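Trainee: I should like to learn how to read the features of a structural model. May we work through one together?

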Amino acid sequence: MIGTNRTVRGVAVTSPVGDPSLGEEDERALRRRIVERAIAMLGTHVGPKTVWEGRT
Amino acid sequence: MKVAHYVNQFFAGLGGEDAAGTGPVRLDGAVGPGKGLGLDVAVTLAAGDDYFGEHEEDALAQLLRWLDEEQPEVLICGPSFGSGRYGYACGSFAREAARRGVPAVCGMHPESPGVLAAEGAAYIVPTDVKVTGMRDALPRMAALARRLAAGETLGPPDQEGYLPRGLRRNEIAELTGAQRAVDLLLAKLAGDVRTEVTAAFDDVPPPPPVVDMTTATVALVTESGLVPRGNPDRLESNRAHAWLSYSLEGLDGFEVADWESVHGGYDTSVANADPDRLVPLDVVRHLVAEGSIGSLHETLYTTTGNSTPVATAAKFGQEIAQRLRDAGVQAVILTGT
């Protein structure tokens, strides 16, 4: 997160936008929620370094 | 020991703001704060703050000519405390003097523009932001000046009391890295935060938000080591020397048969069972089809972010950003591992 201004918390280092413990459909839905958060953040004015916390 | 001292119009006694346009002046002996240094100041050089700012080249040329004639063993500038113009003049003159072989000492507040102007060529003693810090600053500046004039090499900034100059010197440490790391940790637990390596963080101001995502072109970038299976371009698993780009045309996702991660910094088995876990190509395709994203930039930019020196990573970032800019991309989803 060093120096980045718009950061969405992913799942894990080994799978930032996926979760192998979920079924294929649920995993795709989770990935979609993460990307939708990223899209929302891209459209949001932020101050230096904003991290959107919380479970996706 | 022969000392030259630089001050602005105010400290030279030439006047206040009304005299800020005064050109360079050369005065014999110590003037104003120079009398408090406790050193044999042979010559005091001065210029108005505005004059220096507006005629920097001329001012520096004249001041350096005088320095050449005087041949002092050390130049002292200021202290200029929190003053912007005065600090800038001190830092600039000290830098030029030091580069011509006259060691230079400034005194100023660490946030003064003079610190940057000095470019690490001069020694800068940190002072208070206000003139009331004079009595504290002068002896510290004089002590460094005395040693520099004697040709001594100064130790590191934190021990000698000057601001870091952005230089690194090799030295033989008596303790191993492990021992020093534990010592630093224990010191930190005791409330004393120290570091052997001062990192300079590059604060990038956040770009303004994308006005309308439904018309924006979005690119996918990653440092996860994602490459075509077989790694045809031989991307390194750590310390990557390059970033790569691959076409996404015709792809609705990253198929296991065609893509893999070669990153050496994490266990890639989960990602290699479904590379969409690294870069959300499948989802972005859907969002484009649904209209919530305008379009996808049809090139993936990828590298391995593992033990990458910051300078290399910054260069990769700048090069990729330039490509994206040239391609008219408005937003980037960059997945990291």
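Mentor: Helix 3 of chain B has 14 of its 16 residues buried, so it is largely enclosed by the rest of the structure. A residue is called buried if 20 or more other C-beta atoms lie within 10 Å of its own, exposed if 12 or fewer, and partly exposed in between, with C-beta atoms placed from the backbone. Helices (H or I, at least four residues) and strands (E, at least two) are DSSP runs, numbered from the N terminus. This is a predicted model, in which local features need pLDDT of at least 70 and side-chain atom pairs count only at pLDDT 80 or more, while totals for chains, interfaces and linings use all residues. Residues are numbered from 1 along each chain as its sequence is written, and chains are lettered from A and ligands numbered from 1 in the order in which they are written.

Trainee: What should the 16 residues of helix 3 of chain B span?

Mentor: The expected span is 1.5 Å times one less than the number of residues. For helix 3 of chain B (residues 84–99) that gives 22 Å, and the end C-alpha atoms are 22 Å apart, which agrees. B:Gly101, with a positive phi near 95 degrees, follows this helix.

Trainee: Which residues have the most contacts inside the largest nonpolar core?

Mentor: In soluble globular proteins, nonpolar side chains tend to be buried together. A nonpolar core is a set of buried Ala, Val, Leu, Ile, Met, Phe, Trp, Tyr and Cys residues joined through C-beta atoms within 7 Å. The largest one here has 54 residues, and those with the most contacts inside it are B:Leu75, B:Ala94, B:Ala104, B:Val105, B:Cys106 and B:Ala145. A second, separate core of 40 residues includes A:Ile34, B:Val210, B:Leu235 and B:Leu300.

Trainee: What is the strand order of the open sheet in chain B?

Mentor: Two strands pair if DSSP finds at least two bridges between them. The open sheet has four strands in the order 9-11-7-12, with mixed pairing. Strand 9 (244–247) and strand 12 (331–335) of chain B stand at the edges with a single partner strand each, so one side of each lacks a neighbour in the sheet.

Trainee: How many bridges join strand 7 of chain B to strand 12 of chain B?

Mentor: Five bridges join strand 7 (residues 217–222) to strand 12 of chain B, and the two run parallel. B:Ala219 has B:Val332 of strand 12 as its bridge partner.

Trainee: What pattern does chain A follow along the sequence?

Mentor: Chain A reads β-α-β, with one helix and two strands. Of its 56 residues, 30% are buried.
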